[in-house]
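Visitor: I'm new to this one and would like a close look at a single part. Could you walk me through it?

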Amino acid sequence: MVQLYFSADDFGLTDGVARGIVSSIRDGVVATTSAMVCVPDAATHLQRWSAALPGRIGGHLQLTGGRPCLPPARVPSLVDASGAFLPSRARDRGRTRAEEVYAEWNARFAWRSAGSR
């Protein structure tokens with residue numbers, strides 16, 4: 001027998017997405033989720049819903065959509081002139097610097113540990 005394991009992306013993207021993921025985990029359809037911290041109101045959504053999922057939330061290491069945790073000046077290859085993440089098609093042009101990705105993702109883990117942005 002094949003066992004499937006489902007993890008839901010985008011926890012914290014919106015209140016509705018977070019609520020739906022909590023419901024799916026409670027119903028046994030989904031096992032874990034990954035939290036988005038780089039979108040508007042993420043902290044509010046995560047604070048509201050994360051207590052319902054102890055030990056079931058990981059990090060969503062996005063590089064498109066939203067804004068970086070670090071100041072845009074620290075990760076210029078990842079952002080546009082407004083400081084928002086570049087669309088994926090722009091990232092495919094090879095300007096992304098690995099050390100900036102590493103720094104941004106480390107900032108995400110620090111954000112999660114601190115509990116706010």
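Visitor: Which helix is D15 in, and what is around it?

Guide: A word on the model before we start. It's a predicted one, where local features need pLDDT of at least 70 and side-chain atom pairs count only at pLDDT 80 or more, while totals for chains, interfaces and linings use all residues. Residues are numbered from 1 along each chain as its sequence is written, and side-chain values use heavy atoms, with hydrogens and water left out.

Now, D15 sits in helix α1, residues 15–26 (helices are DSSP runs of H or I, at least four residues, numbered from the N terminus). D15 counts as buried because its relative accessibility is 18%; buried means under 20% relative accessible area, exposed over 50%, and partly exposed in between, with a 1.4 Å probe and protein chains only.

Leaving out residues up to four places away in sequence, D15 touches H45, R48 and W49, where contact means heavy atoms within 4.5 Å. With R48 there is also a polar contact, side chain to side chain, at 2.9 Å (a pair of N or O atoms within 3.5 Å; within protein, one must be able to donate a hydrogen and the other to accept it, and residues adjacent in sequence count only if both atoms are side-chain atoms).

That leads us to helix α2, residues 42–49, whose buried residues are A42, H45, L46 and W49. Viewed down the α2 axis, these buried residues fall within an arc of 95 degrees, so they line one face of the helix; the arc is taken from the directions from the helix axis to the C-beta atoms. On the face turned away from that buried side, α2 carries the exposed residues T44, Q47 and R48.

How values were computed
Helix = DSSP H or I, 4+ residues; strand = E, 2+ residues; numbered from the N terminus.
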